[in-house]
Amino acid sequence: MLTSVVEAAPRPAYRSYRTSVARVRRLTPTFTRVTFTGHDLDGFGTAGLDQRVKVVLPNAAGFAHFPDGDDWYRAWRELPAEQRNPFRTYTVRAVRPAEREVDIDFALHGDLGPASAWAGAAAPGDEIVLIGPDELSPDRTSGIDFRPGAVETVLLAGDETAAPAICAILEQLPRDAAGIAIIEVPHPDDAIDVRAPEGVEVRWLARAAGDAHGDRLIPVVRDWVARSCTPDDELAPSEAALALADAERADPDDGPLWDVPEGRSLDGDCYAWLAGEATVITTLRRFLVREARLDRRRVAFMGYWRRGRAELE
Ligand SMILES: Cc1cc2nc3c(=O)[nH]c(=O)nc-3n(C[C@H](O)[C@H](O)[C@H](O)COP(=O)(O)OP(=O)(O)OC[C@H]3O[C@@H](n4cnc5c(N)ncnc54)[C@H](O)[C@@H]3O)c2cc1C
């Protein structure tokens, strides 16, 4: 007798959620928190940390053409350009399944991009689509890039676009974690109250007039790493060459700037998570790998945006 076994396709990691704005709260001069509500947000993924999502923005037709369903991206690409809704990447700041709510903190940078312009004017009732994690999917953590393994000391460093992710990570670290979070922001009042473990220092650095992105962040990270992280001198020569080639390849004008190694346990030394403007992140990564001689597998780096360029969809 022939038996056929039909296996159900695994539930995709991400799905679309039709939501509307429940509340908007201006946290600081730069950050605004938008709380989204939606009938099925009780199924939104709760894994947290730096979980990324896509915020799909309305166009002239609202969301009339936006394709729902598992295959939304392929269907979206096949639409004529004028019907395609723009979307941008953001971080889940908090999820409250029982209230069917999700918070996202937007760093406002004026009306230059559709996401910042939308968030700056958001009001209760505004509709939005989130492409977010599905709590029931076996792959629900696939949009999380903070993977320190068993490394004891963490360095979290970034600019205002990384602040929501850094705050969310800080709130989920084990209470006995050690390390530092260094966050560069546009304004002296941009420091956000965050519950960090006692052993993790949180340093907010405000840019002064005329400062470029990274002017405050880079020297402080360099100084802390030089004092706190032991070089990985056990790197095999081939690995060191690989690390160098990697750093060369990660040029901000030359393709994506993203590497998220699986953290590994190397006797309690540093794990670095770096996110923000691409050239700044490249500079920091080069310093960590070449000068401070950290094994590249200890360094997660993510160019969250590039000066002068819209996010590619
Ligand atoms: C995984 C991931 C998670 C992210 N999480 C967050 C988050 O939680 N909160 C958050 O605010 N951002 C976050 N970002 C960054 C955000 O996606 C970008 O800033 C994005 O470009 C904003 O879209 P936009 O439509 O406003 O501007 P775009 O249309 O993409 O860009 C328009 C112009 O604005 C410039 N620009 C973009 N961002 C900034 C900025 N912050 N300051 C100054 N100029 C800028 C670009 O260089 C470009 O010239 C995240 C990015 C990634 C990849």
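**Reading the ligand site**

Tutor: In this predicted model, 25 residues surround the ligand, and the closest are T89, A107, H109, R306 and E311.

Student: How many residues of each class does the shell around the ligand have?

Tutor: One sorts the shell by class. Here 11 residues are nonpolar, 7 are polar and 7 are charged.

Student: From which domains does the shell draw at least three residues?

Tutor: Domain 1 (14–133) and domain 2 (153–305) each provide at least three residues of the shell.

Student: Which polar atoms of the protein lie 2.9 Å from an atom of the ligand?

Tutor: A polar contact is a pair of N or O atoms within 3.5 Å. An N or O atom in the side chain of R88 is 2.9 Å from an oxygen atom of the ligand. For T91, a polar side-chain atom lies 2.9 Å from a nitrogen atom of the ligand.

Student: How much of the accessible area of the ligand does the protein cover?

Tutor: One takes the accessible area that the ligand has on its own, here 930 Å², and the protein covers 92% of it.

Student: What is the space taken by the ligand?

Tutor: That space is the largest pocket.

How values were computed
Residues are numbered from 1 along each chain as its sequence is written. This is a predicted model: local features need pLDDT of at least 70, side-chain atom pairs count only at pLDDT 80 or more; totals for chains, interfaces and linings use all residues. Side-chain values use heavy atoms; hydrogens and water are left out. A residue is near a molecule or strand if one of its heavy atoms lies within 4 Å of it. A polar contact is a pair of N or O atoms within 3.5 Å; within protein, one must be able to donate a hydrogen and the other to accept it, and residues adjacent in sequence count only if both atoms are side-chain atoms. Accessible areas come from the Shrake-Rupley method with a 1.4 Å probe; for residues, only the protein chains shown count as cover. On a 1 Å grid over the protein atoms alone, a cavity is a set of points where a 1.4 Å probe fits but cannot get out, and a pocket is an open set with protein on both sides within 12 Å along at least five of seven lines; lining residues have an atom within 4 Å of a point. A molecule sits in a cavity or pocket if more than half of its atoms lie within 2 Å of its grid points. Ala, Val, Leu, Ile, Met, Phe, Trp, Tyr, Cys and Pro count as nonpolar, Asp, Glu, Lys and Arg as charged, and the others, Gly among them, as polar. Domain bounds come from an automatic or database domain assignment.
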